[in-house]
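Please look over the structure shown here. The paragraphs after it start from one residue and then turn to a whole chain.

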There are 2 protein chains.
Amino acid sequence: MVVHNIRMVLEYDGSNYHGWQRQKNALAVQQVVEETLEKLYKRKIRVIAAGRTDRGVHAKGQSINFKVQDNPIPVNRLPLAVNSLLPSDIAAVHAEEKPLDFHARYDVKSKVYSYKILNRKYPSPLLRNYSWHVNQPLDIEKIKAAMKYFLGEHDFASFQASGNCVKNTVRTIQDLYLEKHGDILIFRIKGNGFLYNMVRIIIGTLVEIGLEKMPPHSIPRIIQAKDRNLAGPTAPPKGLCLEHVEY
Amino acid sequence: MVVHNIRMVLEYDGSNYHGWQRQKNALAVQQVVEETLEKLYKRKIRVIAAGRTDRGVHAKGQSINFKVQDNPIPVNRLPLAVNSLLPSDIAAVHAEEKPLDFHARYDVKSKVYSYKILNRKYPSPLLRNYSWHVNQPLDIEKIKAAMKYFLGEHDFASFQASGNCVKNTVRTIQDLYLEKHGDILIFRIKGNGFLYNMVRIIIGTLVEIGLEKMPPHSIPRIIQAKDRNLAGPTAPPKGLCLEHVEY
C-alpha cells in the first residue's frame, strides 16, 4: 500500500460559498472539493487548506493537500480530471506530489492576499462581487504614508476580529503595496501569517486614513494600544483574494 | 411642456441577460432599464442605445438616450436615482442633457470594444464570465503581425455573421491593439462602426493565427474574398465588452 500526499492549488470565486471551511447548513468550498475528490478516487478524502477564506472571499492560489492510497491518477493529469467534475466557480490550477509530512497549513512560510477597491462615485456591475466600492475620494498619498507602519514584526492584536483569543498575536508583514489603475486600487499584502480578519481590518483602517478620518501617523499608536476598537472597520470580504501561498 | 433629451452611460454585466435588445420571452438589459426609468418618471420611456450588445456581452460604456417631458430630476442626480432602482448588475455611471436632435445610435462617431482572452492551460473561475479561455499556447508576435492588416477602411464582408444582408459592409478600424498581462490578453478595437459579430469574428480569426492554423499574411486575402467561410470562428460573447462610445 503506497500513500501519496498531493498538493493542489485552487482558484475559486467565493461569491456563492459560505467560505472555505465545511459548514453544517451551508455550502462551503471545502465540501465541494472533497466531494469531487471522493467521486474521482471513490473513497473518503479529507483536505487541508493553507487558509480558511471567509464567506465571499476569493482565491487565485488557495493551497491544499490530501492523502490518497494507491493513487491511480498521474499528478500531471489531476487538475484536468478534477476540473471536469468541479463547478465552474472552482478550479484546480496546479497539482504536485509532496513528501508525506507536507502539511498545507502548518508548513506555510508566507501568504499573499490582494484587496481591490473601486474608488469612484458610481458602483461597477462588473466588479460588484470582486471589489469594495468606496464612493468618496481617497487620498492615496496618505494611505501610502500609513502603509509603511504595518511593515515588519508587530503585535497585531488591534487588527484581529474581536472575540478571537489567539494567544500569540505577533505577526510579520513582509510586503504591503498599492497599485492604482484608474479608479481601481489593488493592495497586495504578504505576511508569515494573519490573524482572523486582519487583512480586512488593515484595509478598513487604511480607507479611514484615505478619507482623512484619522492621520497616517495614528497607525503606530493603534498598533501599540492592542485594542480592536481603535482600528478602522472590517472591509467587506468580496474585495479580498488569497493570491499565493509560499512554503 | 418642455422636452429633455437625456444621454446616459451604462455599465452592465451581461452574464444574466439575453443581450441589450428587448425580447419577447427573455430578459434583456433594455427592458430592465426602460422599466426602471418608467418607475422613476411614472410614464412610458423608450430608450435608444449606441450598440445592441449580444447575449453575454458586457458594457462599461453603453451610451443611451431617451426623452422625457417636464423632467423633475436634475441630471446630476439622475445616476444615483436610477441606480437605487436598478439591479446590481446594471448601473448608470454618467448622465447629461443633450440637444433634442441627439441620437445615441445615429450620431456615433466611433465605438471602442475590448476583448479578453485567458491563455493558459486551466480555466479561471474568477474570469469565467469575462474572458475566452484558450488553453493552447498563442503566438503573440503572429497575432500582432496579423492585427495591422485590419487597420483602416476595408470591406469587412468576410467578418460579418452569415445570414446578414447589410448593404454597405465597408467600415474603418481606427485602432487595434493588444495588451498582455501575464496570461491575460486584452484586445482593444476602435472603429466607426461594426458589422454584426465583426469584433468576435476578428478575434476568432486572430486566435487561429495565434494557434498557427493560418499565417498572418492570410488576412488581406480573407478581407478581399468577402467570404465569411474564410475567416476564423466567432469568439464567444463573454470576452467582449463595449468600453466607450464617442460622438
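Apart from neighbours within four places in sequence, B:Q21 is in contact with B:A28, B:Q30 and B:R52 (two residues are in contact if their C-beta atoms, placed from the backbone, lie within 7 Å). This is a predicted model, in which local features need pLDDT of at least 70 and side-chain atom pairs count only at pLDDT 80 or more, while totals for chains, interfaces and linings use all residues. Residues are numbered from 1 along each chain as its sequence is written, and chains are lettered from A and ligands numbered from 1 in the order in which they are written.

B:Q21 sits in the loop between β1 (3-12) and α1 (29-41) of chain B; helices (H or I, at least four residues) and strands (E, at least two) are DSSP runs, numbered from the N terminus. B:R52 is 31 residues from B:Q21 along the chain, yet their C-alpha atoms are separated by 6.0 Å.

Chain A has five helices and ten strands. Of its 247 residues, 37% count as buried. The C-alpha trace of chain A spans about 60 × 40 × 30 Å along its principal axes.

Chain A is assigned domain 1 (3-98) and domain 2 (110-246), with bounds from an automatic or database domain assignment. The C-alpha centres of these two domains of chain A lie 28 Å apart.

Technical notes: Buried ≥ 20, exposed ≤ 12 C-beta atoms within 10 Å, placed from the backbone.
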